[in-house]
Amino acid sequence: MSITKFAVPCLLLAAVAGPASADPLPEAIAAPGESVVLSAHAEGAQVYECKPGADGKLAWTFREPVATLLSEGKTIGRHYAGPNWELADGSAVVGKAIGNAPGATAADIPWLKLEVASRRGSGALTPVTTVQRINTHGGKLEGSCDKAGEFRSAPYSADYIFLKKG
């Protein structure tokens with residue numbers, strides 16, 4: 001367990017360090033000139049609903065994320081529809097996707113760059129202007145659905161990096 005505690009921050013530092021690191025973030029989600037306010041690991045599920053698509057055929061449609069935000073193994077907040085990130089200190093932000101890059105495998109949801117569209121409360125997330133979702137694992141739902149209105153979830157994990165300009 002102690003290996004994980006030390007490995008995750010190192011990965012996060014490498015991920016946000018940019019071009020000087022051995023493995024920079026994809027350009028579509030990079031945030032040059034921004035600094036890290038907080039990084040958190042999320043464990044949860046991506047929830048899908050069976051709905052008719054544009055062609056009238058039923059298909060799984062993404063509905064919302066439901067995840068716990070963790071730091072050093074302790075719960076510090078939650079992530080849910082909006083997308084919202086809310087911390088136990090009462091601060092929260094809502095994001096709007098402005099960039100994405102593929103996950104490591106076909107089963108992984110994409111990495112994202114989100115611009116903070118609104119905020120509430122006061123605390124650690126107050127200065128945040130950008131959120132990155134990286135190191136995704138799982139979350140994609142495959143297969144057909146045959147009953148409209150049915151829900152299914154796909155487990156996922158990811159790291160969220162909360163950044164501020166300057």
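Modeller: Let's start with a link you can find by eye: Cys50 and Cys145 form a disulfide, with their sulfur atoms 2.2 Å apart. Keep in mind that this is a predicted model.

Colleague: Thanks! How many disulfides does the count come to?

Modeller: The count comes to 1 disulfide. The link of Cys50 and Cys145 is right-handed, with 80 degrees about the S-S bond.

Colleague: And which parts does the pair tie together?

Modeller: Cys50 lies in strand 1 and Cys145 in the loop between strand 7 and strand 8, so the pair ties together parts that are 95 residues apart in sequence.

Colleague: Is Cys50 buried or exposed?

Modeller: Cys50 is buried, because its relative accessible area is 1%, under the 20% cut-off. Cys145 counts as buried too, at 7% relative accessibility.

Colleague: What is Cys50 in contact with, leaving aside its neighbours within four places in sequence?

Modeller: Among its contacts are Leu58, Ala59 and Trp60, and also Asp146, Lys147 and Glu150. Glu150 is 100 residues away from Cys50 along the chain, yet their C-alpha atoms are separated by 5.3 Å.

Colleague: Okay, new topic. How do strand 3 and strand 4 pair?

Modeller: Strand 3, residues 74-80, and strand 4, residues 84-87, run antiparallel and share 4 bridges. For example, His79 has Trp85 of strand 4 as its bridge partner. The two strands form a hairpin with 3 residues between them.

Colleague: What goes on in that turn?

Modeller: Gly82 sits in the turn with a positive phi of about 150 degrees. The peptide bond from Gly82 to Pro83 is cis, with omega near -10 degrees. Pro83 belongs to the loop between strand 3 and strand 4.

Colleague: And which strand does strand 4 pair with over 3 bridges?

Modeller: That is strand 5, residues 92-101, again in the antiparallel sense. Asn84 stands opposite Val94 of strand 5. This hairpin has 4 residues between its strands, and Gly90 there takes a positive phi near 95 degrees.

Colleague: Which residues have a positive phi without being a glycine?

Modeller: Glu72 is one of them, at about 50 degrees, and Asn135 is another, also at about 50 degrees. Glu72 is in the loop between strand 2 and strand 3, while Asn135 is in strand 7.

Colleague: How exposed are they?

Modeller: Glu72 is exposed, with a relative accessible area of 66%. Asn135 is partly exposed, at 28%.

Colleague: Let's go inside. How many residues does the largest nonpolar core have?

Modeller: The largest nonpolar core has 25 residues, and Trp85, Leu125, Val131, Tyr160 and Phe162 have the most contacts inside it. The elements that give two or more residues to this core include strand 1, strand 2 and strand 8. A second, separate core has 8 residues, including Leu25, Ala31, Ala101 and Leu163.

Colleague: Which residues is Tyr160 in contact with, beyond its sequence neighbours?

Modeller: Tyr160 touches several, including Leu38, Leu69, His79, Trp85, Val131 and Gln132. So the bridge partners His79 and Trp85 turn up again here, both in contact with Tyr160.

Colleague: You mentioned Gln132. Where does Gln132 lie?

Modeller: Gln132 lies in strand 7, residues 130-138. Gln132 counts as buried, at 1% relative accessibility. A polar atom of the Gln132 side chain lies 2.7 Å from the backbone oxygen of Ile29.

Notes. Residues are numbered from 1 along each chain as its sequence is written. This is a predicted model: local features need pLDDT of at least 70, side-chain atom pairs count only at pLDDT 80 or more; totals for chains, interfaces and linings use all residues. Side-chain values use heavy atoms; hydrogens and water are left out. Two strands pair if DSSP finds at least two bridges between them. Buried means under 20% relative accessible area, exposed over 50%, partly exposed in between (1.4 Å probe, protein chains only). A polar contact is a pair of N or O atoms within 3.5 Å; within protein, one must be able to donate a hydrogen and the other to accept it, and residues adjacent in sequence count only if both atoms are side-chain atoms. A nonpolar core is a set of buried Ala, Val, Leu, Ile, Met, Phe, Trp, Tyr and Cys residues joined through side-chain atoms within 4.5 Å. Contact means heavy atoms within 4.5 Å. A disulfide is a pair of cysteine sulfur atoms within 2.5 Å.
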